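My notes are kept in the order of the look-ups.

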Amino acid sequence: MEIKPLKISLYFSHDYVDSELELKDKNVVVIDVLRTSTTMVTGLANGAKEIIPTESIAAAGMIGRNSEGQALLCGEKNAKIIEGFNLGNSIKEYSEEVVKGKILVFNSTNGTPSLIKSKFARNCAVLGFVNMSRVVSFLKELKEDFIILCAGKDGDFSLEDTVCAGMLVSELLEAAGKNSYVLTDSSMGASKLYSAYKKDILKMLHETEHGKFLVSLGFEDDLVACSQVDKYNMLPLLRSGVIKSIEAFESDPKLTMKKVSQRNAS
Ligand code: MLT
């Protein structure tokens, strides 16, 4: 029996997604290289308990104020820390001594809205260059169609997110076999774009609009941190409005109890 190839689709910006229902029950990979994906992967790798993406700065404040000190308010507006927040969106802020054990209540310009739009997804993974191989392995094992959701920049195409998406496509086709997947024009185009930039990811980041803007604000270190391919073996998933590593979800006693009760029921 002929095996039907899996499909890889791609949105260049979350603004192409009109409603959360569009991604309901789909497999989604959210990419915001500069900087939300990279910050979130780094925070979880450094021991943050979980991350809660929020619809607005006000919503973040409400959650944070009622957390009895367990939560840090995190994120940016125009790339700078939001007034009254604990952390901005600079990677170096998310050190172990700052985030270990904390709930990161998060709001940012493009990355967070992309995650909010993915809240009804069947699976939603967070991808940056820093955790590329882990996401490739997850998708190779998943063996299902998926959609790459580039955060983009204010509704427009983002070079860095699309090159990262292209790397995912190229690496997955290499790992799973070219005939395992069928590509749309957008996912095909992303893989070709990656071929043009793959020799020097950091150089590419310096050539992007947002990269230049971050450098102008003194955040050049963030470009270096965001360019480090496979720095972390981390697979952040969004489930029921919360982002954790897949291991954290799988070791959750509540979920484990549910599995035990299901097994007993069968
Ligand atoms: C975003 O969400 O648009 C970015 O993460 C912005 C930034 O951190 O500079």
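The entries below go from the ligand to the strands and helices.

**Entry 1: ground rules.** I am working with a predicted model, in which local features need pLDDT of at least 70, side-chain atom pairs count only at pLDDT 80 or more, and totals for chains, interfaces and linings use all residues. I number residues from 1 along each chain as its sequence is written, and I take side-chain values from heavy atoms, with hydrogens and water left out.

**Entry 2: ligand shell.** The shell has 13 residues, and T36, N89, N110, G111 and H210 come nearest. I sorted the shell by class and got 3 nonpolar, 7 polar and 3 charged residues. For these classes, Ala, Val, Leu, Ile, Met, Phe, Trp, Tyr, Cys and Pro count as nonpolar, Asp, Glu, Lys and Arg as charged, and the others, Gly among them, as polar.

**Entry 3: ligand oxygens.** A polar side-chain atom of N110 lies 2.8 Å from a ligand oxygen. A backbone N or O atom of T109 is 3.4 Å from a ligand oxygen, and one of L34 is 3.5 Å from a ligand oxygen. The protein covers 98% of the 270 Å² of accessible area that the ligand has on its own. Accessible areas come from the Shrake-Rupley method with a 1.4 Å probe; for residues, only the protein chains shown count as cover.

**Entry 4: N89.** I found N89 in the loop between β5 (80–81) and α3 (96–99). Helices (H or I, at least four residues) and strands (E, at least two) are DSSP runs, numbered from the N terminus. Is N89 buried or exposed? It is buried, with a relative accessible area of 3%; buried means under 20%, exposed over 50%, and partly exposed in between. The N89 side chain makes a polar contact of 3.3 Å with the side chain of T36.

**Entry 5: α1.** T36 belongs to helix α1 and is buried there. In α1 (residues 36–45), 9 of the 10 residues are buried. After α1 comes G47, with a positive phi near 100°.

**Entry 6: β6.** I checked strand β6 (residues 103–107) and found 5 of its 5 residues buried. I103, V105 and N107 point one way, and L104 and F106 the other way. Strands count as paired if DSSP finds at least two bridges between them. β3 (residues 50–53) pairs with β6 in the parallel sense over 4 bridges, with I51 opposite L104. β4 (residues 71–77) also pairs with β6 in the parallel sense, over 5 bridges, and L73 has V105 as its bridge partner.

**Entry 7: α2.** In α2 (residues 57–65), A60, G61 and G64 are buried. These residues lie on the same side of α2 because they cover an arc of only 100° around the axis, the arc being that of the directions from the helix axis to the C-beta atoms. The face turned away from the buried side carries the exposed residues A58 and M62.

**Entry 8: hairpin.** Strands β10 (residues 236–239) and β11 (residues 242–245) run antiparallel and are joined by 4 bridges. P236 has S245 as its bridge partner. The hairpin has 2 residues between the strands, and S240 takes a positive phi near 50°.

Note on methods. A residue is near a molecule or strand if one of its heavy atoms lies within 4 Å of it. A polar contact is a pair of N or O atoms within 3.5 Å; within protein, one must be able to donate a hydrogen and the other to accept it, and residues adjacent in sequence count only if both atoms are side-chain atoms. Buried means under 20% relative accessible area, exposed over 50%, partly exposed in between (1.4 Å probe, protein chains only).
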